[in-house]
Amino acid sequence: MQKKLYNKNVVIAGLIILAVLATFPFWYNHGKAAPAPKPELTEKAKAAKECIRSTAYMKTEHMQLLDAWRDTVVRDGIRTYVNEVGKEFDMSLSNTCLDCHSNKEKFCDVCHDYASVDPYCWDCHIENPKENE
Amino acid sequence: MESSSRRRFLKVAGISALGAGSIGAKPVLNAFAATGGGHGEEKPVIKMVPNKDSLMGTRWAMVIDTRKLTSAGDLEPMIEACHKVHNVPEMENKNHEIKWIWEEEFKHAFPGKINRYIEDEAVSHKPFLVLCNHCENPPCVQACPTKATFQREDGIVMMDFHRCIGCRFCMAACPFGARSFNFRDPRPFIEEAELNKKFPTRCKGVVEKCNFCAERLAVGQMPACVEASKGAMTFGDLDDPESEVRKLIRENFTIRRKQNLGTMPSVYYIV
C-alpha cells in the first residue's frame, strides 16, 4: 500500500520554517561568543602576588572556601585561617578578600556576569568602595 | 526454553561479575581513591583556628547598674555606639523600626514586678536599657525552623542571616520583643558616612537582634555598649565565680526580665 502525504507543500514548508526557527539562536549567535573575561587585579593584589591559596585553587574553589568560612565563623566563632605555608588570615569577606580585591566591578563582576551567576554576598557585605575615590 | 535462557543469563551475569571484580572495577576504584583526597597531587595542611586574642567564656552575661542610668540622655551613648558599629538603620516609619538595644519604661520592661502607688518618678518613668537577654533556654531558637538562630557554646544566641528565611516565628516566640524584622532594604536608611565598613548590613527579609558583640569578643574587645557605658554596664562570664559580673550579682540585689517564663535571661539589672 502506498502512503500519501496530503497537503505536501504546506507540510514541508511548515517543517522548514520550524527547523529554521528552532535553530535560530544557534546560527544567529554563531561566532559571536563573548571572550572569556580577564579579571583585573588592584595594585595591592598585584603586590601581594599570591592570594591566600594558589590562583588555580582560588579560581575554582573560592565559593566553597567562602561557604566554609561563613559557617565556621558564624556557627563556631572560629575566625583565623591558616594556609599551607602557615600564613594566617582573618576569615572575612569584607575585611580580607575585598580589602585586596577592592575593585568588585572589574574583578568579581566580570566573571560572575560571564558565567551568569548572581551571588548575593554584596546585599549585606559591603564592597570596598576604594575605586570610587 | 525459558529455563535455558535463565541459565544463560545467570552464566553471563556470573562471568561479568567475576570479570568486574578482577579487572574491570579496579581502575574505577583507583579513580575514586584518587579523587577522594581533593586534587590528588597535593594535600595541603589547612587549619581554621580561633583568634589568639579572642575572649573565651562559657556563659556570657551582662549586669546593668540602673542606679547609674537615670535619664534618657544617659542611655543615648550606649544605643548610639551599638547601632553605629552594627549598621542598624534608622527607619522613619515606627512599624519598620530596627533595634538592638533600646529604652523601655519599668512597667514594660518588668511587667509583673510593678507595684501600685509607686509615685516615685525615678522608678515609674525612668528609662531602662533593654536588649536581647541571650537566654539560657531561648524560645526563639526552638521556634526557628531553619536553625538560623542558634545558641553558641558560650551562651550567645546568634543569628545566621544567611539561613534566615524571614518567617518571624522567632519574633513571636521572643517574650522580650528583642527581634526586629527588615521589612525594607536597610541600606538606604544608613547614612553613608555612618556606615561601618567592617561589619555587614542586613538585607530585606531577615530578622536581626543584638549579638552580644560576638565580632568584638573575637578580637578581644568588650561589647560596644559596655565600652560606652562608663562603668554602668559590665560584661563577663557567669561560670567564672571570680568574674566581675558574678561579683556584682553577689553584692547587689538584681532582677531579670520575666523570670517566671523560665527562659533564664543573662542580662541582670541592679535596681
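The legends below describe close-up views of a predicted model. Residues are numbered from 1 along each chain as its sequence is written, while chains are lettered from A and ligands numbered from 1 in the order in which they are written. In this predicted model, local features need pLDDT of at least 70 and side-chain atom pairs count only at pLDDT 80 or more, whereas totals for chains, interfaces and linings use all residues.

View 1. Helices (H or I, at least four residues) and strands (E, at least two) are DSSP runs numbered from the N terminus, and a residue is buried if 20 or more other C-beta atoms, placed from the backbone, lie within 10 Å of its own, exposed if 12 or fewer, and partly exposed in between. Five of the five residues of S9(B), residues 233-237, are buried, so this strand is largely enclosed by the rest of the structure. In a regular strand the side chains alternate between the two faces of the sheet. Here B:Met233, B:Phe235 and B:Asp237 are buried on one side, and B:Thr234 and B:Gly236 are buried on the other. Strand S2(B), residues 60-65, runs antiparallel to S9(B) and is joined to it by five bridges (strands pair if DSSP finds at least two bridges between them), with B:Ile64 having B:Met233 as its bridge partner.

**View 2. The largest nonpolar core, around B:Met78.** A nonpolar core is a set of buried Ala, Val, Leu, Ile, Met, Phe, Trp, Tyr and Cys residues joined through C-beta atoms within 7 Å. The largest one has 62 residues, and those touching the most other members include B:Ile64, B:Met78 and B:Met233. Leaving aside neighbours within four places in sequence, B:Met78 is in contact (C-beta atoms, placed from the backbone, within 7 Å) with residues including B:Ile101, B:Leu129 and B:Met233.

**View 3. Where chain B touches chain A.** In this view, 22 residues of chain B are in contact with 18 residues of chain A. Strand S1(B), residues 47-49, gives the most to the chain B side, with three residues. Three bridges join S1(A), residues 80-82, to S1(B), and the two strands run antiparallel, with A:Tyr81 having B:Met48 as its bridge partner.

**View 4. Buried residues of helix H3 of chain A.** Within H3(A), A:Trp69, A:Val73 and A:Val74 are buried, and what covers the buried residues of this helix includes strand S6 (157-159) of chain B. After H3(A) comes A:Gly77, whose phi is positive, near 65 degrees.

Key: Contact = placed C-beta atoms within 7 Å.
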